[in-house]
Amino acid sequence: MKTGIKFKPCNVGTADAHNRRLRAYCEAVAHKFGQTYFWDAYRHLNVSWRSPAYPKPLPDVLEDLKVLVKQKTGRAMQCKDVEYTDRKTGRKRKRSGSSAIREGCPPIKPDTKIKDFDRL
């Protein structure tokens, strides 16, 4: 069986709390949806890694990236999705905005260590 990481745009507002499985975040998710897939019994085994190159919180990193894009290109970063009507077909389409920060969840085995991801 082949597996791989599917990278998706990061929700910078909740990513840190989600990755660290903070109790308040888990309780908020359970309250909102009535259930959660977070297992309290395994919370102590949770490990997340973040590049030392980005010590700031993710919302601050995103703001820094927006400023950098504006400096380098002279244009604002297109973060929002744009809905438009196709001139040829008349159908509504959606053009995805950019996502400067992406995240993924790799497949792991019981013996996988955080050090195994150094190359990644």
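Student: Which strands and helices each supply at least two residues of the lining of the largest pocket?

Tutor: Rolling a probe the size of a water molecule over the atoms shows where empty space is left. A pocket is an open set of points, on a 1 Å grid over the protein atoms alone, where a 1.4 Å probe fits, with protein on both sides within 12 Å along at least five of seven lines; lining residues have an atom within 4 Å of a point. This is a predicted model, in which local features need pLDDT of at least 70, side-chain atom pairs count only at pLDDT 80 or more, and totals for chains, interfaces and linings use all residues. Residues are numbered from 1 along each chain as its sequence is written, and side-chain values use heavy atoms, without hydrogens and water. Here, strand E1 (8–9), H1, helix H3 (58–73) and strand E4 (102–103) each supply at least two lining residues; helices (H or I, at least four residues) and strands (E, at least two) are DSSP runs, numbered from the N terminus. The largest share, four residues, comes from H1.

Student: Which residues lie nearest the centre of the largest pocket?

Tutor: They are Val47, Ser48, Trp49, Gly104 and Pro106, out of 44 lining residues.

Student: Which residues of helix H2 are buried?

Tutor: An α-helix has 3.6 residues a turn, so residues three or four places apart point the same way. In H2 (residues 23–33), Tyr25, Cys26 and Val29 are buried, that is, under 20% relative accessible area, whereas exposed means over 50% (1.4 Å probe, protein chains only).
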